[in-house]
Amino acid sequence: MGLHLAYGKRRQDFQLELARSFDRQSRARGGWAALAQSLSTLRTAQIVLSVRYYASQYANPHARPISAADELDGLRARDEAGLRMRARIRLGERWTATTSADVWRELSTSALKSELRLRADFEPTTRWGGSVWAAQRTGEGKHAITTSARLLGRPSQRVRVSLRLQHAATGSRARTQQFARALAAIATFTAHPSEHARLTLRLRYDRELKSSAKAGRQSLGTYLS
């Protein structure tokens, strides 16, 4: 059961959602959820601010609201209270920057977590473009940093090529020198021979990076459909 309210005027929009779930799997027989959001549309940017609360007993498998990636019993919109800011800025006709900052607390464990994302997209021509981004996530003494770059090409109307390189480092915040590091290279080729057919080939190479002379594990995978 839920309630949705919305109000907008000129370049400002507001939304408020309240919901209650009912079940017999917990002593509380369900839980409450709330989401408040504001959208500011500026000349060259959009800024979204949101505040959320999802009780530990709130269980709606059909809900897809703003929430962190962690789950409780398979549900993302559950057991957290947080604040998120997201901004999309147009730097020019072919440049766009996106940034987001998210801070939330797990209600069941009181663990405080955060995630910061930065991304830049560019398209110098109508056939070629690319993007670079970085993400940092912390919580429960753990730290994860991911950086990635992608080149996207459209040689013709029926062919699309994507090349992506990614580096990830995860470990304890107290021992940054012992981070587990991994490198991934992904290539995707998509072709449309006709209006009713599509062919996709995907290649992925993964390698663990180690500080010692001993090489880490490597893997190569292919996918064709």
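Residues are numbered from 1 along each chain as its sequence is written, and side-chain values rest on heavy atoms, with hydrogens and water left out. In this predicted model, local features require pLDDT of at least 70 and side-chain atom pairs count only at pLDDT 80 or more, whereas totals for chains, interfaces and linings use all residues.

Strands were taken as DSSP runs (E, at least two residues; for helices, H or I, at least four residues) and numbered from the N terminus. Two strands were considered paired where DSSP finds at least two bridges between them. Strand 4 (residues 45-54) and strand 5 (residues 80-90) run antiparallel and are joined by 10 bridges. Within this pairing, leucine 49 has methionine 85 of strand 5 as its bridge partner. Strand 5 also pairs with strand 6 (residues 95-106), in the antiparallel sense and over 11 bridges. Here alanine 81 stands opposite arginine 105 of strand 6, and a hairpin of four residues connects strand 5 to strand 6.

A further set of pairings involves strand 12 (residues 197-209). Strand 11 (residues 180-194) runs antiparallel to strand 12, with 12 bridges between them. The two strands form a hairpin with two residues between them, and phenylalanine 189 has leucine 201 in strand 12 as its bridge partner. Strand 12 is paired in turn with strand 13 (residues 218-224), again in the antiparallel sense, over seven bridges; glycine 221 in strand 13 is the bridge partner of arginine 204. Alanine 180 lies in strand 11 and counts as partly exposed, with 46% relative accessibility (buried, under 20% relative accessible area; exposed, over 50%; partly exposed, in between; 1.4 Å probe, protein chains only). The C-alpha atoms of alanine 180 and glutamate 208 are 7.9 Å apart in space, and the two residues are 28 apart in sequence. For alanine 45, found in strand 4, the relative accessible area is 13%, and the residue is therefore buried. Its C-alpha atom is separated by 25 Å from that of arginine 127, 82 residues apart along the chain.

Salt bridges were assigned where a side-chain nitrogen of Lys or Arg lies within 4 Å of a carboxyl oxygen of Asp or Glu. By this rule the model contains 11 salt bridges. One of them joins arginine 52 to glutamate 80, with the closest N and O atoms 2.6 Å apart. This pair links distant parts of the chain, as arginine 52 belongs to strand 4 and glutamate 80 to strand 5, 28 residues apart. Arginine 52 is buried at a relative accessible area of 3%, and glutamate 80 is buried at 1%. Both residues belong to a network of salt bridges that links Arg52, Glu80, Arg84 and Asp102.

A salt bridge is also found between glutamate 106 and lysine 113, where the closest N and O atoms are 2.7 Å apart; both residues are buried. In the salt bridge of arginine 154 with glutamate 123, the corresponding distance is 2.9 Å. This pair likewise links distant parts of the chain, with arginine 154 in strand 9 and glutamate 123 in the loop between strand 7 and strand 8, 31 residues apart. Arginine 154 is partly exposed, with a relative accessible area of 27%, and glutamate 123 is partly exposed at 33%.

Pockets were located on a 1 Å grid over the protein atoms alone, a pocket being an open set of points with protein on both sides within 12 Å along at least five of seven lines, and lining residues having an atom within 4 Å of a point. Grid points were joined across faces, edges and corners, and volume is the space filled by probe spheres set on the points. The largest pocket holds about 210 Å³ of space. Its lining comprises 16 residues, with Asp121, Phe122, Glu123, Gly129 and Gly130 nearest the centre. Strand 6, strand 7 (112-122), strand 8 (128-139) and strand 9 (142-156) are the elements that give two or more residues to this lining, and strand 8 provides the largest share, four residues.

On the surface, Trp128, Leu151, Leu163, Phe189, Leu199, Leu201, Leu203 and Leu224 form a nonpolar patch with about 700 Å² of accessible area together. Patches consist of residues with over 30% relative accessible area and no salt bridge, with like charges joined within 9 Å and nonpolar side chains (Val, Leu, Ile, Met, Phe, Trp, Tyr) within 5 Å; accessible areas come from the Shrake-Rupley method with a 1.4 Å probe, and for residues only the protein chains shown count as cover. Strand 12 contributes the largest share of the nonpolar patch, three residues. Leucine 203 lies in strand 12 and is partly exposed, with a relative accessible area of 32%.

Conventions:
On a 1 Å grid over the protein atoms alone, a cavity is a set of points where a 1.4 Å probe fits but cannot get out, and a pocket is an open set with protein on both sides within 12 Å along at least five of seven lines; lining residues have an atom within 4 Å of a point.
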